Amino acid sequence: RESDHRAWTPVSYTVTRQNATVQGLTEGKAYFFRIAAENIIGMGPFTETTKEIVIRDPITVPDRPEDLEVKAVTKNSVTLTWNPPKYNGGSDITMYVLESRLIGKEKFHKVTKEKMLDRKYTIEGLKEGDTYEYRVSACNIVGQGKPSFCTKPITCKDEIAPPTLDLDFRDKLIVRVGEAFSLTGRYSGKPAPKVTWLKDDIVVKENDRTKIKTTPTTLCLGVLKSVREDSGKYCVTVENSTGSRKGFCQVNVVDRPSPPVGPVIFDEVHKDHMVVSWKPPLDDGGSEITNYIIEKKDAHRDLWMPVTSATVKTTCKIPKLLEGREYQIRIYAENLYGISDPLISDEMKAKDRFRVPDAPEQPIIKDVTKDSAVVVWNKPYDGGKPITNYIIEKKETMSTRWVRVTKDPIFPGTQFKVPDLLEGCQYEFRVSAENEIGVGDPSPPSKPIFARDPIAKPSPPVNPEAVDKTKNSVDLSWQPPRHDGNGKIIGYLIEYQKVGDEDWKKANLTADSCPETKYKVTGLTEGLTYKFRVKAVNAAGESEPAYVPDPVEVKDRLEPPELILDANMAREQHVKAGDTLRLSAVIKGVPFPKVSWKKEDHEVSPKADIEVTGVGSKLEIRNTVHEDGGIYSLTVENPAGSKTVSVKVVVLDKPGPPRNLQVSEVRSDSCYLTWMEPEDDGGSVITNYVVERKDVASAQWVAISSSSKKRSHMAKYLMEGIQYLFRVAAENQFGRGPYVETLKPIKAVDPLHPPGPPKNLHHVDVDKTEVSLVWNRPDRDGGAEITGYLVEYQEDGADEWIKFQTVPMLDCVVTGL
């Protein structure tokens with residue numbers, strides 16, 4: 001029966017076992033049960049359960065916890081989180097058991113003795129560098145369930161992750177004055193980054209209006225009731241040990257402009273209009289000024305009348321005024337966000353207050369030449385209106401007619417060069433000023449001037465110096481004056497003064513005796529010290545003197561020789577035969593050195609032209625031949641020392657004749673020629689040899705080789721029995737050298753050899769004083785007919801053979817034995 005009902009409901013009548021399954025119950029409801037035994041006699045008493053039973057699934061240990069994750073790792077701690085099991089086993093979770101295992105060990109160990117119900121735990125006190133894996137189990141009243149899946153091995157070390165920054169704002173932000181704004185974003189990084197806010201590179205500090213809020217993952221800068229001063233470039237920096245990230249935002253707090261800057265200036269005042277100007281506002285409100293609003297008011301009335309609201313310039317014409325009335329002007333500045341407070345002018349009466357300019361003062365004339373003059377004047381009072389032009393007039397002194405010098409405007413300068421004057425004429429000039437009202441009166445006429453080039457004394461000579469000296473003279477040199485005074489320099493006056501004296505003595509009496517910019521002062525006393533000065537002279541007179549900077553002691557100057565080589569004195573000079581050899585150098589030294597040229601330490605060839613000047617020396621050999629080559633040396637010597645330079649000269653020519661021409665291996669149709677290279681290759685590489693032959697009976701030489709670089713040649717195609725002469729010449733890039741010829745003719749025949757030994761020598765008869773000998777012809781005759789046989793005999797035991805005689809036949813009787 002249900003616990004809240006009294007009626008019992010039968011479940012089964014056929015149960016014979018000691019257990020039964022009750023079906024059809026409702027989950028969550030409480031029930032009582034009772035059981036009675038029955039036999040054939042009848043049913044016994046019921047036995048009832050002592051307490052109600054709530055229907056639910058049987059209780060087991062919980063499933064394994066899920067999603068075990070490592071949230072943070074440092075060098076000595078690990079933080080873990082996990083989710084509860086999907087099924088708690090039918091009973092509430094009473095605690096969690098967290099276990100760890102050091103990698104390399106077998107057993108898991110319980111991490112804490114505490115009873116954990118939170119699903120987050122930080123294990124501390126770990127050893128840096130150790131590696132662990134973790135698992136967690138859930139417990140209910142039944143017991144401890146299966147452990148979760150293990151984490152990956154975790155090594156105890158500080159986690160490092162560079163900062164990240166995700167901003168909710170853009171690069172630019174426009175805010176109206178009085179409104180609030182905030183800059184927010186998210187960030188991350190390990191270790192936890194430091195967040196810094198800057199405005200225009202200055203750290204932002206919190207105050208009543210500025211708030212900074214930073215959480216472990218979010219950041220925020222808020223400004224309440226913004227003012228114009230809050231405008232600027234904001235920067236947030238997120239930084240940890242691994243790096244930093246920055247975000248920027250240009251905040252512009254905008255407002256209506258401040259008033260235009262006064263005072264209002266009345267640039268022009270007329271009877272019916274005025275022109276006013278002002279300066280822009282000091283603060284445009286953070287937005288460009290779009291226009292100015294200008295209004296006018298009669299000073300004796302309260303009504304402001306609009307003039308314009310469309311101008312962007314800081315000047316404006318105020319029209320439609322009544323002459324004699326006083327007016328005030330007020331000006332507003334406007335931008336996208338509003339209209340400023342007004343700038344109000346002083347009162348100004350509408351009336352003309354301008355006239356033509358006054359007459360300038362008497363002009364001054366300067367820089368007069370034969371055809372021009374410069375007129376200079378001072379600016380007169382402009383009559384209240386800016387001067388726009390000056391009018392210059394000229395007239396000849398004896399004339400009464402003034403003529404304008406140019407129709408072009410002359411402004412704003414107060415001087416003008418008048419052109420096209422007639423040389424020798426006398427002129428006067430006057431000046432008038434002009435403004436928009438008209439042309440004023442002319443100035444008084446200038447003083448008369450004649451149109452001709454002025455001549456002034458020249459400026460002093462430039463940079464005088466003593467360039468040389470001897471025991472009784474000093475050489476001076478200088479540069480012309482910078483200004484000749486518009487007159488030709490006639491010459492120069494040179495003066496000298498002994499140190500200690502007061503009087504200057506003239507070295508030359510007249511300027512035309514020294515027209516050049518150098519002079520040799522002579523007649524000085526050896527060992528004394530002198531000062532020198534130079535004056536330039538033109539038709540107007542003498543210039544101021546220019547002084548030689550330091551006093552000069554008069555004595556012979558010694559300078560060791562110096563050679564400045566020309567390009568033709570390089571280390572090696574090549575000259576083609578027949579051309580001209582030139583060697584030259586600039587020579588310096590005091591006194592001027594003695595010059596000597598040598599070739600291979602001997603005197604140079606008489607054909608050489610040697611020239612010595614005061615500044616150098618030159619050696620020249622025309623129509624050079626190969627023998628002109630060699631080492632040339634130039635020696636310069638004076639009492640202060642000597643100097644020598646050398647140059648190797650190679651005269652490039654045709655090579656000499658080959659040497660030691662030999663003929664060998666003569667045959668009936670060929671022979672072999674050999675020779676040695678020429679002693680002189682002409683200064684250039686031998687490119688080839690030319691080989692020729694000639695029949696002794698012929699006058700014509702025939703070339704048999706012209707391109708061979710070898711020093712030998714096989715002469716072929718000879719005719720047997722003919723006598724030949726041979727010759728060889730060497731060639732280089734400059735031509736063919738002389739031939740070398742064989743000394744005697746060579747006959748084209750095969751070579752002769754001695755004949756072979758006679759065969760089968762034997763005696764045919766013997767007597768007491770003679771022997772008859774017979775033999776056969778030899779196998780080879782050596783290339784020529786056998787002319788005879790030489791018979792010799794030798795006494796037994798002796799060393800020498802004794803010649804008997806030569807016989808033509810194949811037998812002989814040796815007698816006298």
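Reply: What follows covers the domain records, a surface patch, a pocket and some salt bridges.

Me: What kind of model is this, and how are residues numbered?

Reply: This is a predicted model, where local features need pLDDT of at least 70 and side-chain atom pairs count only at pLDDT 80 or more, while totals for chains, interfaces and linings use all residues. Residues are numbered from 1 along each chain as its sequence is written, and side-chain values use heavy atoms, with hydrogens and water left out.

Me: Which residues does the "domain: Fibronectin type-III" annotation cover?

Reply: The unreviewed UniProt entry puts that annotation on residues 1–58, 64–159, 259–353, 359–454, 460–557, 657–751 and 757–817. UniProt positions are in the numbering used here, feature names are shortened, and annotations may be inferred rather than shown by experiment.

Me: What about 460–557 and 657–751?

Reply: Residues 460–557 come out at 0% helix and 45% strand, with 28 Å between the end C-alpha atoms. Residues 657–751 are 0% helix and 49% strand, and their end C-alpha atoms lie 30 Å apart.

Me: Switching to the surface. Which residues make the nonpolar patch?

Reply: Ile 59, Val 61, Ile 141 and Val 142 make a nonpolar surface patch of about 320 Å². Patch residues have over 30% relative accessible area and no salt bridge; like charges are joined within 9 Å, and nonpolar side chains (Val, Leu, Ile, Met, Phe, Trp, Tyr) within 5 Å. Areas come from the Shrake-Rupley method with a 1.4 Å probe, and for residues only the protein chains shown count as cover.

Me: Where does Val 142 lie?

Reply: In the loop between strand S10 (131–139) and strand S11 (154–155). Val 142 has a relative accessible area of 43%, so it is partly exposed. Buried means under 20%, exposed over 50%, and partly exposed in between (1.4 Å probe, protein chains only).

Me: How much space lies in the largest pocket?

Reply: About 1,100 Å³. Its lining has 31 residues, and the closest to the centre are Val 11, Ser 12, Arg 34, Ile 35 and Ala 36. A pocket here is an open set of points on a 1 Å grid over the protein atoms alone, where a 1.4 Å probe fits, with protein on both sides within 12 Å along at least five of seven lines; lining residues have an atom within 4 Å of a point. The volume is the space filled by probe spheres set on the points, which are joined across faces, edges and corners.

Me: Which element gives the most to that lining?

Reply: S2, with five residues.

Me: How many salt bridges are there?

Reply: The whole structure has 31, each a side-chain nitrogen of Lys or Arg within 4 Å of a carboxyl oxygen of Asp or Glu. One of them joins Arg 101 and Glu 133 (2.3 Å, N to O). Arg 101 is in strand S7 (residues 95–102) and Glu 133 in strand S10, 32 residues apart.

Me: Are those two buried or exposed?

Reply: Arg 101 and Glu 133 are both buried.

Notes:
Helices (H or I, at least four residues) and strands (E, at least two) are DSSP runs, numbered from the N terminus.
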